[in-house]
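Please look through the structure shown below with its backbone angles, salt bridges and surface charges in mind. The briefing that follows takes these topics in turn.

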Amino acid sequence: MNHDADQQHLAEANPGYASGQLARALATARTHQDPDTRRRAQDKSRAWRAVLAGMANGLLAIGSRTPVAGLPAWVTPEVVRGGFATGEALAGGPLRPYETEVARRAGIPEDRRALFAYWLSEDGLGRLYDLLDSGRYEVTVPEEAALLTVAWLARAGETQAALALVEELVPFTDRLRFAPPPADRPAPDAAAVHRRTVGDARHDLDRRLPSRAVETQREALAVWQPFGDELLAHWLETAEDGQVLARTPDAGWHERGEELLRRYRDLARRHTYCTKHLNPKQNLAILRGALEETLAHRPLDARRLGLLRHAVTSMVRRRGLPGSPELTALRREQAAQAALPSHHALAQLVLRRLSGLPPEEGVGEVEPLLAPVSEEEARETGLPAGAAIPHALRRPVEAALSAPIGTLVERGLVPSAEVLAELVPQLVAATTAQAYPDDSLRTLAAAHYRAFRNRRSLLLLNLERQVRVEELPWVKAVAGWRSDTEAGEVSALALRQLGELAVQAFPGTILPNPLVRELSVLARQADLGAPLVEELAADIFMGTFTPKFLAAARVAAELLGGGSLYERYYAIDYRALRNLAIAEAGEAQTRTIRPRTSPGFAQLCAERAGSSSSRARWGFGSVAANGTVIEQAQILTTHNLATLVHRVGIAPATGWEDLARRSFDTVCRLTARVHGNPRPLSTVKDAAYAWRQMLFHLSLCTPREQARTLDWLSEELTRRPGHVAVRLTPALTGLRQVTQGGSPEDGEGRRLLGWTTGGHWMLDTTRPAR
C-alpha cells in the first residue's frame, strides 16, 4: 500500500527514531495533566536516553538477538517501543524488597553474589525446596526460575546437570536475580484465564467519584423543589384573586416566614451541588428575596412586587397549586428518583464485596459480586434493599472473570484477536508444562513460561530469530525429563481448539504475531509439520523469506491446488509452487548448513508483485513496494489458514459458509471506514486481508454453498451504505467473473489487493473502476 511520504518507520535501527521517541516522552512528562501519565513518560524518557547512549558508545547492537554487550541471548533485556534494547536487564537493577529480606534473615551482605551463594547453601536449598513443594512463588522474569531449577535437579539426583547450570549462571550472579519472590498463595488454575484482575476491577471502581451532574439533579429534586413548594404556599397565603400581597397576612405568617428562612440557610449550608437558588433571576431566589425584605419591614417597590407576582403565577401555572393531586404525584415520583442510590455509593458496595479476593487473580464467579443489595447490606450501608448494580459498575467486575477462554470469547470479553493473543500464553504455559511428569516441575515450567511470554520482542535484522523458550539454560537443563509423547498429544489438542477459536471468533482478521508465536510453540511440541508464519514489517523488509514460508505455501497448494476458487482468483499456479518447494527441500538436504532463506519463494513473490527493478524486487525500495511483495507471500501461504485446516485439522462448528459471510461483513465494516478518512490506506489494506479470508473460506464450501453465498453477497451489498457499495462493486464483479471462468480484471471487475505503489482503485469513486 502506498504510504504517506512523512510516515515514520516504527522499527528503523537508527538514532533518529530513538531521538523522536525521547522528545515525545519529554514533552508528555512536562505537559500532561495526569500525574501517572507524567510519571510513565519520565520512565520512558530514561529508557530512551539509555538507548541513545548505548548506540553512541557501542554498547548496544540494535538489530541483533544479543543487543547488549556482555549479555548472552537468554538474558531478558529491557525493550522499549520498536524493539530497541535499553542496555538494562529486567532481572537486574537494585535489590528487590524480598531479596533484602532474605539477606537480612540469613545474615549475609545485601548483594546478589552473596545471595546466590546463600541459595546454594543447605539452608538456602531447603527454602527453595519449600517453594517448589508449595508453589507459593511468582516468576516475574524468566531468570527467577533458574535457582528453583537448580534445586529441583539437586533433589532429583541430577547433580551434574545442577552444577553445569550453576556454572553457566555464575558470571552474572552479581547483576541478575535468579530466585523468585514468594507469593501468598499457589498459582491459580491454569485451565481458567482472565483478561483483568481483581486489583484492576478495584482500581476502576475506586475511581468512581460522585458525579456532580447526578448529585446536582438529585439535590434539586430532593431538596430545592420541595422547599420551593413551601415558599410558594407561604406566599399564596397572602393572595386574593390570584394576586399575592393583595391582603394582609395573618399574625403567624411572619413567624412561619422566619422559620422558612432559617431552614433555607441550613439547607444552603449542607447542600452545595445545586446553586440555582442563588441566581437572582430564578423564581426560588425571587420568592426568598421578597420574603427577606418583607420580614425586614421594607416595603416592596413596584418592580420587586411585579417580579414576585410573576414568579408566583408562573410557578402555579407550571406546577399546579401546592398540595394538589398533580403536584403531589410529581413530587412523589421525583422523590423516588432522587432516592435511587448513586453509582458512587453502589461502587463502594461492590468494592466491599471484592475486598476479600486476591488482587492479582481473576474472579471465579461474578454473579455474587453483582447481586442486588441484600437486606443486611442495606442495614449496614443505608442503600435501599434490592437496588440493582448498574451496567457501568458491572463491566469492571465482568472483565475480571476467570474462565475457560471460550467462555470469555462467548461473553464478549475478548473483543479481538489481539486480546486473544494476550490470554493464550496462560493456556500454552499449562499445556507446555504437561510434558513434565513431576508436579513441582510442572508448576515451575508453567510459571516460567508465563514470565517468558512477557518478554518483549527485539528489533531483529538479517532474518535473526527471537529467542525461544527452549534456548534458556534452565529449560535445557530439564529437557531430558520431558515426556514428548504426552506433550505432543496435549499440544495437538490445544492447538486445534485455539486455532478453531481464533478463526471462528474473528473472521476476516489475520492472526496477530503474538498469537502466531504461541500457536507455533504448540505446533512444534505436537510435531505436526505445521509451518506458521508471522506478518512481516514492510518498513524493515529486506526482500527475503525464511524457508518456512515456502513450506506454508506448499501446504496451501496441497489444500487449494487443482482449480479452487482461491487459486483461480489470485492466479496462483500451485502445481509449480509445489514443485518449487520439493526442489528447494531436496537442495536443503544436500547441504551441511541449513539454509536461512528461500530465494525461489522470494523471487516468485517479487514477480507476482510486479516489481520491475532489482531494488524493488529485493525489498530495498519504498515501504509500499515492500508491502506488495509481502502481501503476495500472504496470498500464497493463506497466512496460516491452510496450515490450520490441512495440518492442524481445525473445523469450525458454524461451517465455512458462515465464516465466509462473516468475513464479508468485516470487509464491509472496514470499507465503511474509508469514507471521509484522511488516511484510508491502512483501512483498505485490512479490508483486502478480510476479503482474502472470505475467499479462503468460500473455497472450502461446496459448489452449491458457493453459489448461494455469492447471491447473498450481492444482496448484502445492496443493504450497505452507497459509498460502501460503490467501492466494493468492482471487487464483487471480479469475483463473479472468476466463478464464470474469467479473470477478476476483465471489464469492470477488479482484484482486491491491499498494497499498491500507486493510487488504490478503491479510493476513486468518481470514475469507472478501470
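His 639 is found in the loop between helix 28 and helix 29, where helices (DSSP runs of H or I, at least four residues) and strands (runs of E, at least two residues) are numbered from the N terminus. The model is a predicted one, in which local features need pLDDT of at least 70 and side-chain atom pairs count only at pLDDT 80 or more, while totals for chains, interfaces and linings use all residues. Residues are numbered from 1 along each chain as its sequence is written, and side-chain values use heavy atoms, with hydrogens and water left out.

- Phi of His 639 is near 45°, a positive value in a residue other than glycine, and His 639 counts as buried because its relative accessibility is 3%; buried stands for under 20% relative accessible area, exposed for over 50%, and partly exposed for values in between, with a 1.4 Å probe and protein chains only.
- Thr 638 is found in this loop too, which lies between helix 28 (623–637) and helix 29, and Thr 638 has a positive phi of about 60° although it is not a glycine.
- With a relative accessibility of 2%, Thr 638 counts as buried.
- Leu 641 has its place in helix 29 (residues 641–648) and counts as buried at 5% relative accessibility.
- Between the C-alpha atoms of Leu 641 and Phe 227, which are 414 residues apart along the chain, the separation is 70 Å.

**The loop between helix 15 and helix 16**

- Ala 385 is found in the loop between helix 15 (375–381) and helix 16 (391–398), and its relative accessibility of 40% makes Ala 385 count as partly exposed.
- Ala 385 and Pro 372 are 13 residues apart in sequence, and their C-alpha atoms are 7.5 Å apart in space.

**Salt bridges**

- The structure holds 38 salt bridges, each being a side-chain nitrogen of Lys or Arg within 4 Å of a carboxyl oxygen of Asp or Glu.
- Among them is the salt bridge in which the side chains of Asp 133 and Arg 155 meet at 3.0 Å, N to O; Asp 133 lies in helix 5 (residues 122–134) and Arg 155 in helix 6 (residues 146–155), so the pair ties together parts that are 22 residues apart in sequence.
- Asp 133 counts as exposed at 53% relative accessibility, whereas Arg 155, at 39%, counts as partly exposed.
- The side chains of Asp 665 and Arg 669 meet in a salt bridge at 3.2 Å, N to O, and these two residues are separated by about one helical turn because they are four residues apart in helix 30 (residues 656–672).
- Asp 665 counts as partly exposed at 27% relative accessibility, and Arg 669 counts as partly exposed at 39%.
- Asp 711 forms a salt bridge with Arg 736, the closest N and O atoms being 3.1 Å apart; this pair links distant parts of the chain, with Asp 711 in helix 32 (residues 703–718) and Arg 736 in helix 33 (residues 722–739), 25 residues apart.
- Asp 711 counts as partly exposed at 41% relative accessibility, and Arg 736 counts as partly exposed at 24%.

**The hairpin of strand 1 and strand 2**

- Strand 1 and strand 2 (residues 84–89) pair in the antiparallel sense over three bridges, pairing being assigned if DSSP finds at least two bridges between two strands.
- The two strands form a hairpin with three residues between them, and Gly 82 in the turn has a positive phi of about 90°.
- Pro 77 stands opposite Ala 89 in strand 2.

**Positive charge on the surface**

- Arg 24, Arg 40, Lys 44, Arg 81 and Arg 456 gather in a patch of positive charge on the surface; a patch is made of residues with over 30% relative accessible area and no salt bridge, like charges being joined within 9 Å and nonpolar side chains (Val, Leu, Ile, Met, Phe, Trp, Tyr) within 5 Å.
- Lys and Arg count as positive and Asp and Glu as negative, while His and the chain ends are not counted.
- Arg 24 lies in helix 1 (residues 15–31) and is partly exposed, with a relative accessible area of 43%.

Methods. Areas by Shrake-Rupley, 256 points an atom, 1.4 Å probe, with all protein chains shown as cover. Charge placed at Lys NZ, Arg CZ, Asp CG, Glu CD.
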